[in-house]
Amino acid sequence: MKIKTKESNDPVWKDVYSHSKLPEELGPLQEIASNLWWVWNHEGAKLFGDIDSGLWKQTEGNPVLLLQRLSRKRIEEILADNVLMARISTVYNQFKEYINARPNPAKPSVAYFSMEYGLTNVLKIYSGGLGILAGDYLKEASDSHIDLVAVGFLYRYGYFTQSLSMDGQQIANYEAQNFSQLPITQMKTPSGDPMVLEVPFPDRMIYAHVWKVSVGRVPLYLMDTDVPETNEWDRSITHQLYGGDWENRMKQEYMLGIGGILLLNKLGIKKQVYHCNEGHAALINVQRLLDYIQNEKLDFNEALEIVRASSLYTVHTPVPAGHDYFDEALFGKYMSKFPEKMGISWGDFIDMGRENPGSQEKFSMSTFALNTCQEANGVSKLHGKVSQNMFAPVWKGYFPEELHVGYVTNGVHMPTWTATEWKKYYAEVFDANFLNDQSNKAIWEAIQRVPDAEIWDIRKKLKHKLTEYIKEQYRDNWLKNQGDPGKVVSLLEKINPNALLVGFGRRFATYKRAYLLFTDLDRLAKILNNEKFPIQFVFTGKAHPADGGGQGLIKHIVEISHRPEFLGKIIFLENYDMRLARRLISGVDVWLNTPTRPLEASGTSGEKAEMNGVLNFSVLDGWWYEGYREGAGWALTDQRTYENQQYQDQLDAATIYHILEDEIIPLYFAKNSKGYSPEWIQYIKNSISQIAPDYTMKRMLDDYIDRFYNKLATRSALLAENNYAEAKEIAAWKKEVAEHWNSFRVESFRYEPATNMIVGDDYTVNVVIDRGELKCRLGLEIVYSRENSETHKLEFVSASPFELLKEEGRKLYFGLKGKMSEYGHLKIGFRVFPINDKLPHRMDFAYVRWIQPEE
């Protein structure tokens, strides 16, 4: 028998993970790395970068992973480096001084709920603007000493990483996060086991592990359902941000709302104000209602008074289609058991999510939020008006302009988004208390007095940083995807820091109109191929994987960028994330934004550019509608010329070309002997001093405190006093009014003026109302409206209250003497409403009856 000379079975491998263990002397590094303070404090990030610059780049700026991968040799080198060790000690002392500061007890405490948080590129739990805003919010809450806790999800895959095929087709790659390599801490029980949150779903229990992200002084708790205890089908709840079908979305919003409150209960955390960042979090108020009913023995209406008085809903969406609506069957599958627990019917419960109770409408998370939150707001002045119109059907009997829906214009966290060069410069030329007084324009005015050359020097450095970043980060990808190495080399050589750089970076939704610039390619080619005035456009952004139109637009731009006349003049950078954003908004000269008005609720990328001396060129929409100042940027008009969108796009594109050719390019290249344009520098100075102070996150948070948090904290505390005495009183009053509202009648109604009146004419109205079984006070007012000639809808003009002349038993005698102050064709109406001085506003109990004069 021949002896076999080789034999082997299949290898059996076992995973083994190895990482560095830091000596006690380097423990401070571990502590700093585990808190996101280093994200917006330059000293912290630079310290990690200097510990091992190669590893810092390799780990994409992740200090936890950097420390895990430090070699033994490098650890010993650090320990032997007295200068570096002293620096570690200095930074650690700064960190501890910051962390140990206590919250300001004069400011209300807040619980904040959001589906996403953009805190750092290292932690992939965000997709775009909503998440970035939420992340900035937590950072500023920490800086401003707010007692705030936040709740969200720890996504296994997060949002997708974008790559492009050779022909420009977007490829969405979902990459699993290794939680052990992230700046997060798993919550443990006293015995050292993972904390497990139990969230009762219909017919089953969902289990989640809990992770804590320390955002300076603010804790962010993240739920993770991808754990062994949870059944296979439900583990995917926290797999992807905005992924899956409508049922998965329903489960996510159930988990965020119901699970989020149960999590805070488990941690023993109670706050004065509960803030829903978008309608995704609306179901927090279901669990809060249930808690008051079961634990405090309140009935549903009494509990609703308490929950409403402490709740705020912020809407970021400008159109009804952007809100989440659930079929009754799907909603009922997950929520059907709650009404019985709360002592109400299923019909009453689902009607809280309908604009028209009793109809067959889908359940709207936004409508439910409006019905369970005392306050609501849009995210810019214009969006506040848009939101009033969008939500008007919820409160029939009132015009949009009369609604309580307010606004707070979004801002950006200045320490995060301001380039280090600018932060150092601001520290030199601004008041020492600048960061604590960011909205004080008198401080920012100092920029007008600095030498032009110093500003230009910073701008040149940041432009150079951007172009080098592009060459370094994208060389390999372009070589892989372009197919022609020679073309890639040519492209890299053409990236020019001396050119006028125009940036466009945002989500590629069609309403953002990234295509506008490419409406007239011949005219664009002439602009871009003028060797005397070099100009380059840098585009970046992701399209939602289900948005074919957005993906097609990316492909179209990439195809155009490959054409010989545009090669190196139009550049598309893939995988727009926080690292690229920070480079782009500080490194270009002009930030371009071209949304279809009024579909940009706010937008914050242009605000980030403001902090870095980058000038905005945008449609007057969102934040720019209120931010634009002549001589500090450029604007496309907010006036619509054509109803046909295609014609409007062509007009707007022509306007863009005209402003580029006749204003922006000549201004930029009007350079003096020192190599810069003094006029351009003056625009930068105006932009920094006149616009930037109004769009910081510090200003935004101060506005939330002044406009909403203070009033919510004060009123909710008042309602809770003496075993919820005032909440019970108001609930009883509402019940009495609701039961007898239709019992009052108009006994007499005399309206003396003629149909045709002259402005300035006197008029008198007298009304007698018999309240019937009603015991409450009633108000009466005359309402003027006018028909819009274009939309043919009635628009609010004004309202004037009647005077209660006397009260005899059940009868109320009202009188009104006034002068006609409006002109034109008007419509008048008379509106009766209940009065209770303990209500925050009329929308809190929007009972209205319109009455008419006797014929």
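This talk covers a hairpin, a loop residue and a helix crossing in a predicted model.

Some ground rules. Residues are numbered from 1 along each chain as its sequence is written, and side-chain values use heavy atoms, without hydrogens or water. Local features need pLDDT of at least 70, side-chain atom pairs count only at pLDDT 80 or more, and totals for chains, interfaces and linings use all residues.

I start with the hairpin. Strand E3, residues 161-164, pairs with strand E4, residues 170-173, in the antiparallel sense over four bridges. Pairing requires at least two bridges found by DSSP; strands are DSSP runs of E, at least two residues, and helices are runs of H or I, at least four, numbered from the N terminus. Glutamine 162 stands opposite alanine 172 in E4. Five residues lie between the strands, and glycine 168 in this hairpin has a positive phi near 90°.

Next, asparagine 575, in the loop between strand E17 (570-573) and helix H24 (578-587). Its relative accessibility is 18%, so it counts as buried, the cut-off being under 20% with a 1.4 Å probe and protein chains only. Leaving out residues up to four places away in sequence, asparagine 575 touches Phe160, Thr161, Gln162, Lys542 and Leu580; contact means heavy atoms within 4.5 Å. Asparagine 575 and glutamine 170 are 405 residues apart in sequence, yet 9.7 Å apart in space, C-alpha to C-alpha.

Last, the helices. The axes of H11 (residues 300-309) and H15 (residues 365-372), lines fitted to C-alpha atoms over the stretch in contact, come within 8 Å and cross at roughly 100°. H11 is therefore roughly perpendicular to H15, a term for angles of 65 to 115 degrees on a scale from 0 to 180 between N-to-C directions. Leu304, Val307 and Arg308 in H11 meet Leu370, Asn371 and Thr372 in H15.

Note on methods
Buried < 20%, exposed > 50% of the residue type's maximum accessible area, 1.4 Å probe, protein only. Parallel < 35°, antiparallel > 145°, perpendicular 65-115°, else oblique.
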